[in-house]
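This report is written for a reader meeting the structure for the first time. It goes through a few residues, a helix and the ligand in turn.

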Amino acid sequence: MTYILREKGFPPSQLLERLASYASIDMDPSSARLWGHIYEPGVEEAWKIALEAYALYQKKNMLDPTVYPSIIRLENEVVSAVADLMGGDENVVGNFTSGGTESIMLAVKAARDYYWARRGRGNVPEIVLPVTAHPAFHKAAHYLGLKTVITPVDPETLEADVDATAEKVSDRTAMIVGSAPNYPYGVIDPIREMGELAEDKGLWLHVDACIGFILPFLRMLGEQIPDYDLRVPGVSSLSTDLHKYGYSPKGASVILYRSKELRVHQLFSYSRWPGYPLVNTVILSSRPAGNLAAAWAVLNYLGLKGYKKLATKVLETRKILVEKLPALGFQVLGRPQAGILAFTSPEINVFKLAHIMSEKGWYIQVQPGSIHLNLQPSIHLTIAPKHHEVVHRMLDDLARAKEEAKAYPMPPENALRFLQEMGLTSLDPESVGKAMPRILGKLGLTGGSLPSDMSLINELMYIMPPELVEQVLAIVMNELYSARG
Ligand SMILES: Cc1ncc(COP(=O)(O)O)c(C=O)c1O
């Protein structure tokens with residue numbers, strides 16, 4: 001595809017019509033049909049206020065807050081309110097960022113620089129983290145030159161194994177990680193015990209509560225939530241996203257530190273050039289103040305009462321799912337404690353199940369797992385308040401989809417047959433590399449689009465070695481974003 005600008009721009013009405021026609025191929029994010037990536041509160045006024053707040057600040061740049069002092073006030077108010085909810089005392093500081101990945105990347109940078117300041121640069125610093133930790137930590141390590149050391153989780157509870165963490169800790173450890181909750185299963189790691197380990201060994205413990213902004217409100221509703229936040233003395237930093245269970249438009253997260261002494265390692269300044277002296281709190285320099293204003297507006301519009309009301313809907317929906325899924329023959333993995341959960345089945349091809357559900361108009365998220373890492377395939381559900389209205393309809397469709405999926409063999413039968421058809425007897429990188437153009441063509445992964453049925457591709461991800469899956473994913477993305485044809 002080649003796309004070039006016309007000499008004369010479109011009139012606004014035509015332009016928006018065009019945009020609407022592009023958007024018509026997408027699922028409607030307000031429809032409550034997506035059980036992943038989206039946190040629809042179903043409160044129209046909250047979105048309206050967010051957009052108005054965004055518009056008020058859209059032209060202002062957070063690059064140099066001294067030009068717009070109100071930005072400092074807004075950011076400090078957002079960080080203070082979030083710190084209070086996450087058990088922070090008056091020494092806790094933090095910043096507003098564009099999302100969970102940026103918050104995590106900054107925490108890793110701060111922990112690395114803190115490590116360097118104390119231990120020198122003789123070692124490659126390490127992050128010790130459970131297999132369930134979000135890939136953002138691996139990405140941060142990749143970008144920032146650290147090494148990750150993965151620990152197993154308890155096979156029953158799916159919580160991080162603190163003894164396994166302790167075993168992997170060494171004088172190279174710059175950070176240990178716990179999630180509250182983890183993304184794959186919605187399970188909270190034993191943060192209190194991890195905090196004790198961190199205090200005992202003088203380690204930096206980061207709590208990833210990116211998808212945990214619902215936890216303070218669940219606790220206010222009387223739910224038993226284990227200690228997970230800055231109330232645990234050994235926690236050095238904590239990330240939590242406002243664009244998830246804070247219901248702000250995308251581009252909103254907060255990174256918190258126990259003290260200014262830790263946060264100072266997050267900052268970057270440079271003055272050895274002829275331009276303006278640069279000092280950044282976060283990764284980006286120029287960035288819109290609109291996201292911050294929108295997040296501030298949503299927080300203050302909903303207030304504690306609004307968040308508790310929305311948390312009640314998520315909680316009730318989760319309880320319905322946890323009760324009904326086993327009645328349909330599915331197994332809920334671990335004990336989900338926040339707004340997300342995963343389920344699987346020993347008899348149903350969950351890849352096909354997800355595809356059949358998509359034909360019925362639902363998006364449920366496949367977690368392919370890996371035969372090589374002993375991770376079983378599962379389906380992830382992120383519960384939004386609006387799902388409260390549709391959960392029974394979704395379960396009815398799931399029951400029907402399950403019956404239809406019975407016609408398909410269990411993984412990895414389809415994937416093995418496909419590889420045989422492709423003439424592949426071994427999955428070594430060289431053979432797969434040679435066969436790749438044929439494989440991509442056969443799977444419908446060329447020409448900038450994805451096949452509607454992803455079940456075979458998911459199944460292949462389940463059986464291919466992870467290094468190979470990562471390579472293929474990069475190749476596919478390279479193809480998808482080939483804008484010049
Ligand atoms: C636990 C956890 N950490 C980090 C992230 C990354 O957040 P983002 O996608 O906002 O960068 C996610 C995203 O789902 C998450 O669930």
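S269 is found in strand 9, residues 268–270; helices (H or I, at least four residues) and strands (E, at least two) are DSSP runs numbered from the N terminus. The model is predicted, so local features need pLDDT of at least 70 and side-chain atom pairs count only at pLDDT 80 or more, while totals for chains, interfaces and linings use all residues. Residues are numbered from 1 along each chain as its sequence is written, and side-chain values use heavy atoms, with hydrogens and water left out.

S24 belongs to the loop between helix 1 (12–23) and strand 1 (34–35). With a relative accessible area of 55%, S24 is exposed. A polar atom of the S24 side chain lies 2.6 Å from the backbone oxygen of S21. Between the C-alpha atoms of S24 and K360 there are 17 Å, and along the chain the two are 336 residues apart.

**A buried pair**

T97 is part of strand 2, residues 93–97, and S103 has its place in helix 4. T97 is buried, its relative accessible area being 0%. S103 is likewise buried, with a relative accessible area of 0%. The side chains of T97 and S103 are joined by a polar contact of 2.8 Å. Such a contact is a pair of N or O atoms within 3.5 Å; within protein, one must be able to donate a hydrogen and the other to accept it, and residues adjacent in sequence count only if both atoms are side-chain atoms. The T97 side chain also reaches the backbone oxygen of G99, at 3.1 Å.

**The ligand**

Which residues are closest to the ligand? They are G100, T101, D208, H243 and K244, in a shell of 13 residues that surround the ligand; a residue is near a molecule or strand if one of its heavy atoms lies within 4 Å of it. Helix 4, residues 100–119, gives the most to this shell, with three residues. By type, the shell divides into five nonpolar, five polar and three charged residues. In this grouping Ala, Val, Leu, Ile, Met, Phe, Trp, Tyr, Cys and Pro are nonpolar, Asp, Glu, Lys and Arg are charged, and the others, Gly among them, are polar.

| Residue | Atom of the residue | Distance |
|---|---|---|
| G100 | backbone N or O | 2.9 Å |
| H243 | side-chain N or O | 2.8 Å |
| K244 | polar side-chain atom | 2.9 Å |

Taken alone, the ligand exposes 390 Å², and the protein buries 84% of that. Accessible areas come from the Shrake-Rupley method with a 1.4 Å probe; for residues, only the protein chains shown count as cover.

**A bent helix**

Helix 10 covers residues 290–327 and spans only 46 Å between its end C-alpha atoms, whereas a straight helix of 38 residues would span 56 Å at 1.5 Å a residue. The expected span is 1.5 Å times one less than the number of residues. At G303, helix 10 bends by about 85°, the bend being the angle between axes fitted to the seven residues ending there and the seven starting there.

Methods. Buried means under 20% relative accessible area, exposed over 50%, partly exposed in between (1.4 Å probe, protein chains only).
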